[in-house]
Amino acid sequence: MTSGPEVFKKKKKKDTAISFLKKKKKKQDNLVVAWHSVPPEKSPSKMSCAFVAENVWYDKAQYNDAERKFYESTAKMDGIAALASTPGTELFERLSLLESENKKLTSVVAGMEKLVISLQERVSALESGAGGAAKSATAAKPQAPAPKVVEDDDDGVDLFGSDSDEDEAANTVKEARLAEYNARKSKKPALIAKSNIILDIKPWDDETDMKAMEAEVRKIEMDGLLWGASKLVPLAYGIHKLQISCVVEDDKVSIDLLTEEIEKNDELVQSVDIAAFNKI
């Protein structure tokens with residue numbers, strides 16, 4: 001037969017178990033109510049059920065574009081990283097060229113520094129030597145004796161007469177030197193200014209006798225005129241022009257007068273132009 005305290009303990013345990021089961025059932029009921037109260041867009045399980053019920057994906061193109069852009073961006077970043085990690089040969093060549101030029105410049109600067117230092121040493125040595133020589137010269141140079149004062153009797157001496165004689169002698173010497181200089185200057189040949197001219201002489205048509213034209217041109221004679229080489233230069237439609245060179249003295253021959261003399265033969269000559277004009 002059980003005692004009173006043991007019965008009380010058993011009853012207490014039974015009440016505790018019953019209250020625990022009631023609390024557990026209440027929690028489960030609350031969870032069920034809460035699950036039913038959540039909208040479908042916020043509940044993963046309900047969203048999956050909604051997607052299962054649907055058989056059309058309207059935003060598939062947008063998702064495909066987003067996926068394509070993502071992969072393209074990753075590919076570009078991979079290419080940039082590859083370029084950065086492996087620089088081209090052109091960059092290496094430029095760097096090597098710059099390094100070689102830098103070495104050359106450093107060697108040139110070092111050589112110039114040595115040259116400047118040596119020049120400074122030479123200048124200082126020359127200055128010191130020149131200073132020592134000047135000091136020795138001044139020390140060795142004897143002092144000039146003081147001029148002796150000669151007391152002469154100036155009575156009866158014509159001072160103005162002696163000055164006039166010296167002036168006349170100086171004038172005669174100056175005139176003789178001027179005459180000698182003028183004689184030497186007159187013997188020097190004068191510089192003659194000359195010009196080399198190339199003339200273009202054009203005929204009237206292709207039937208003009210170019211040899212006769214050249215002969216008529218060479219018949220012109222002037223003081224200071226010398227004819228040179230000539231040739232025929234084609235113009236158009238079988239027409240040739242006579243190109244002839246000459247050397248003239250600028251002071252004696254006028255170019256305008258020469259062209260007028262050539263154009264006087266109007267049966268053969270149409271016009272005369274100056275192709276080249278050079279001073280000799």
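## Close-up views of a predicted model

**View 1. Meet the whole chain.** What you see here is a predicted model. Its protein chain has seven helices and four strands, and from the N terminus these elements follow the order α-α-α-α-α-β-α-β-β-α-β. Of the 280 residues in the protein chain, 12% are buried. Among contacts with a separation of 6 or more, 65% link residues 24 or more positions apart.

**View 2. The open sheet of four strands.** Here the strands line up as β2-β3-β1-β4, with antiparallel pairing. β2 (225-236) and β4 (271-279) stand at the edges; each has a single partner strand, so one side of each lacks a neighbour in the sheet. From one strand to the next, the twist averages 20 degrees.

**View 3. Where β2 meets β3.** Nine bridges join β2 to strand β3 (residues 239-249) in the antiparallel sense. To find your way in, look for Leu225, whose bridge partner in β3 is Val248.

**View 4. A helix across the sheet strands.** Helix α7 (residues 255-263) lies across β1 (194-202), β2, β3 and β4. Relative to β4, helix α7 runs at about 150 degrees.

**View 5. A nonpolar patch on the surface.** Four residues, Leu91, Phe92, Leu95 and Leu98, make up this patch, and together they have about 400 Å² of accessible area. Leu91 belongs to helix α4 (residues 89-140). Is Leu91 buried, exposed or partly exposed? Leu91 counts as partly exposed because its relative accessibility is 47%, and partly exposed covers the range between under 20% (buried) and over 50% (exposed).

Notes: Residues numbered from 1 in each chain as written. Predicted model: local features only at pLDDT ≥ 70, side-chain atom pairs only at ≥ 80, totals over all residues. Heavy atoms only, no water. Patch = residues over 30% accessible without salt bridge, like charges linked within 9 Å, V, L, I, M, F, W, Y side chains within 5 Å. Areas by Shrake-Rupley, 256 points an atom, 1.4 Å probe, with all protein chains shown as cover. Salt bridge = Lys/Arg side-chain N within 4 Å of Asp/Glu carboxyl O. Helix = DSSP H or I, 4+ residues; strand = E, 2+ residues; numbered from the N terminus. Buried < 20%, exposed > 50% of the residue type's maximum accessible area, 1.4 Å probe, protein only. Pairing = 2+ DSSP bridges. Axes fitted to C-alpha atoms, helices over the stretch in contact; angles between N-to-C directions. Contact = heavy atoms within 4.5 Å.
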